[in-house]
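Biologist: I am new to this structure. Could you walk me through it, one feature at a time?

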Amino acid sequence: MEARSMDAEACSVEAPPIRRLEESVVNRIAAGEVIQRPFSAVKELVENSLDASSSSINVYIKDGGLKLIQVSDNGHGIRYEDLPILCERHTTSKLTSYEDLKTISSLGFRGEALASMTFVAHVTVTTITEGQTHGYRASYKDGVLEQEPRPCAAVKGTQIMVENLFYNMAARRKSFKNLSDEYARILDVISRYAIQKINVSFSCKKHGDSTTDVHTTGMGSRIDAIRSIYGPSVARELVEITASDDDISRSIFKMEGLVSSANYSAKKTTMVLFINDRLVECSPLKKAIEVVYSAILPKASKPFIYMSIVLPSEHVDVNIHPTKREVSLLNQESLVDTIQNAVEAKLMHSNTTRIFYTQKTLPGISKVANTEEEESLSQKLETKLPNVPVRKIVRTDSSNPAGRMHAFLQKKPNGGQEAQGDLVTIRHAVRQRRNPKETADLTSIHELMDAVDRNTHSGLLDIVKDCTYVGMADNTSALVQYKTQLYLVNVVKLSRELMYQQVIRRFAHFDALQLSNPPPIFELLLISLDEEERSGLWDESDGPKEQIARLNVELLEKKYEMLKEYFCVGIDQQGNLYNLPLVLDQYTPDMDRLPQFVWTLTNDVDWDTEKGCFESIAAAIGDFYALHPPLLPNPSEEGPKFYQISEGNDHMDQQKETNIDEDLIEEAKIKWDQREWAIQHILFPSLKLFLKPPKEMASDGTFVQVACLENLFKIFERC
Ligand code: ADP
Ligand code: MG
C-alpha cells in the first residue's frame, strides 16, 4: 500500500523544464575551475609573462591575493588593436588550429585565463609594445572591455592587476580564511618558476613589506637560484643528475635535475618538476623517488628534488586538467623506472661509493677481492683456517690467541650479483621497501622508533651531522672537530647506538650476511661458557657446561622463526648459525664476538613482551656489531711480547727470538687497521646520516669537549 502511494506521489511531480544557463553563470562556473585559488591566477599571469619573452617579472600581492594581484613584466606587450578582445574567452595569440596543440611550446594556449579572471575579479591591463611612445590602460569585466583603452605612460611590457578576486563568489571567498597560507602558495609557484627559468629575474613582495620574499637575478646558475630561494642548506647538498632514454618501445625523454644528497633532510619532500617546461605534478614519479630516499635517509627525513624532463610533445597530453597541472605521459611507467634507477645510482655514488670502493679488505668480503693485494690477503686468512671444529678455531682466551673466525663470514648480496657490491645492496633494500612485509607494521617497533626520535638530543645531533673526523685518540675514543671545538667521542658507544637504531629501522627488511661455514650455536655457547668460567661467572655448582649449552639451544629453537623473519639471524634445524643481518651496508661485525652474541641472545633477551623482546634483541645485535677494540691486543701498543707462544712458563726468555707468532701479529695489525679504516670510512659517514644521539650521551662521557688544545699535541702526534 505504502509503496504504491509513494509511487503515485512520485508520478505527480512534474518534470522540471531544462533551461539554457545564462552565459554569465556558465562563464563564472568555468572561471572558478580555471582560477581555483589566488595562486592559480598568479600562475597564469606569470606564464603569460614568460610566453611574452620577459626577462623580468615582478609580483605584488595584497591580502593573500584576494585584494590585489599585480604582475608586471618587460615582455613584448599587447597590441592596441587586440585589447578589445583580449579578455574574451578563447582568444589567444598562441594557437590557431587543433593540430598546433601537438607541438605547442607556449605555456598558455586556450585563451581562457584572462577571460576567467574577468568573470571573478576586476582586471586592469597596462601595456606598451615595441616602438610606441605611450602605452594603454584598459579594464575588463565579464570578458568585455569596459571602455575604450586610455593612453597612458608605460614602461616596456605589460602590467596586469587583478583586484577583489572572487568578489562575486561569496562562498569561495570565505573559504580562504588563512591569507598567509594563500600567500605561501603564491610564493611557492613563483619560486618554482624562478628555479626553472634561471634567465628571468623574479621578485615577489607582499603589500606593506619593504623587502621581497622571492628574489632572483636572472643571471646566476640554477644552484644560485635555489640558494637564494630555498636557502644554502639545500643548495650545498645538491647533486646533479641526468637520465635519458631513446628507445621508442620504452620511452623517449631526457631528464636533467638536481637532487639532495643523503646529507640533507627536510620534513617534507620538495619536488619541483617541469615537463617540457611546464610546471606539473607527477605523483607516481614523486613516490618512486621518495622510495629511493627512504631506503637511505633516516625515517621521516625527506629530499629536495628539482627535475626538468623533456620529451616529444606528442608524448605528453597537457590538456587533461583545467589548470594543466597534471599531465599524462606516454609510457609513464618506463620513464619513472629509468629515472628512479638513475636517482638510486647517483645517490650511491655521491654518498657511499666514494666511501666504500676504495676500501681495503674487510673481514668477510675477502671473497670479492679486487686487487692482488687483497687476493693474497684473503688467501692468507683462509689458508689459516683448516677444517676443524669451531671451538678450536675461535680464539677464546686472550692469552692463547689461536684462532679466527673470518672464514665463517661471507657476504651474500641477495640475488647473487656479488661483484656489483654496494649498489646491489642498496637497490635490494629499495626494492624491498617497495613491497614492505606486513610484519614491519608491528606497533611495538614503531614505538621503539618513536622513542629514538623523542629521545634525540638536538645539540648532539648538530655535532654528529657536522663534525669532521680527525683521528683515533686511543683505542675507544676518536677526536672530532665541530666548529671551533674539539671533542673526544666514544666510538664504541656511538657505534653501538647506531647499530641498535639501524636494526630497529631495518627491522624485517635486512639483507643477509651469509656464514659460509655455519657454526653450531651449541659450540658457540660452550665457548662463551669457557669465557664465563675465566671471568668467574661459572663454576661447577652451576651444572655441567654441556647441559647449560643444551638448554640454551632448546630455548632458542623456539625462536628460530622469529629471529630469521625479523632480524635475519638464521639458524637451521641442526642448530647452525648460517645468516646474520646486514645492519650497515658494507659493514661486517667482528666475528670474534659471535660466541658472546649467541650467549646474550639466549640469556639477556626479554622474551616476555613483544616490545621488550625486540628492543633487547636489537640491543644484542647492536652490541655485537659495535666497533669494539679487536680482541687481539693492538700489536703496535703491546709490542710483540704478547704474541709469544708460551710452552711452559719459564722457557719464555730463551725462546724470545724464535717463538713470536708473526702470522698472528700480522693478523692483529690487519684487524686494527681495518677497524680504524671502518671507523673513518664507514662509521662516521653513517653516523652523520643515521644516528639520532640519545639525550644520555650528553652526560655519560660519550662526548667530551676537549677544552685545552695544548694537551692534545700528544694525541695529534699519534693521529
Ligand atoms: P593564453 O595564454 O592561453 O593564450 P590568456 O587568456 O592567458 O590565454 O591570454 C590571452 C592572450 O593575451 C595571450 O595569448 C597573449 O597574446 C596575451 N597576453 C596575456 N598576457 C600577456 C602578457 N603579459 N604579455 C603579452 N601578452 C599577453
Ligand atoms: Mg595564458
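Modeller: Start with the ligand, and keep in mind that this is a predicted model. Sort the shell around ligand 1 by class: 6 residues are nonpolar, 10 are polar and 4 are charged.

Biologist: Which residues are the closest to ligand 1?

Modeller: Asn48, Thr92, Ser93, Lys94 and Gly111 are the closest, out of 20 that surround ligand 1. Two helices each supply at least two residues of this shell: helix 3 (38-51) and helix 5 (113-120).

Biologist: How do I read polar contacts here?

Modeller: Look for pairs of N or O atoms within 3.5 Å. In the side chain of threonine 92, an N or O atom is 2.6 Å from an oxygen atom of ligand 1. For the side chain of serine 93, the distance is 2.5 Å. Glycine 111 uses a backbone N or O atom, 2.8 Å from a ligand 1 oxygen.

Biologist: How much of ligand 1 does the protein bury?

Modeller: Taken alone, ligand 1 exposes 530 Å², and the protein buries 94% of that.

Biologist: Now a helix. Which residues of helix 20 are buried?

Modeller: First the general idea: an α-helix has 3.6 residues a turn, so residues three or four places apart point the same way. In helix 20 (residues 560-567), the buried residues are Tyr560, Met562, Leu563, Tyr566 and Phe567. Cysteine 568 follows helix 20, with a positive phi near 60°.

Biologist: And the whole chain?

Modeller: The chain has 25 helices and 24 strands. Of its 719 residues, 51% count as buried. Take contacts between residues at least 6 apart in sequence: 72% join residues at least 24 apart.

Terms used. Residues are numbered from 1 along each chain as its sequence is written. Chains are lettered from A and ligands numbered from 1 in the order in which they are written. This is a predicted model: local features need pLDDT of at least 70, side-chain atom pairs count only at pLDDT 80 or more; totals for chains, interfaces and linings use all residues. Side-chain values use heavy atoms; hydrogens and water are left out. A residue is near a molecule or strand if one of its heavy atoms lies within 4 Å of it. A polar contact is a pair of N or O atoms within 3.5 Å; within protein, one must be able to donate a hydrogen and the other to accept it, and residues adjacent in sequence count only if both atoms are side-chain atoms. Accessible areas come from the Shrake-Rupley method with a 1.4 Å probe; for residues, only the protein chains shown count as cover. Helices (H or I, at least four residues) and strands (E, at least two) are DSSP runs, numbered from the N terminus. Ala, Val, Leu, Ile, Met, Phe, Trp, Tyr, Cys and Pro count as nonpolar, Asp, Glu, Lys and Arg as charged, and the others, Gly among them, as polar. Buried means under 20% relative accessible area, exposed over 50%, partly exposed in between (1.4 Å probe, protein chains only). Contact means heavy atoms within 4.5 Å.
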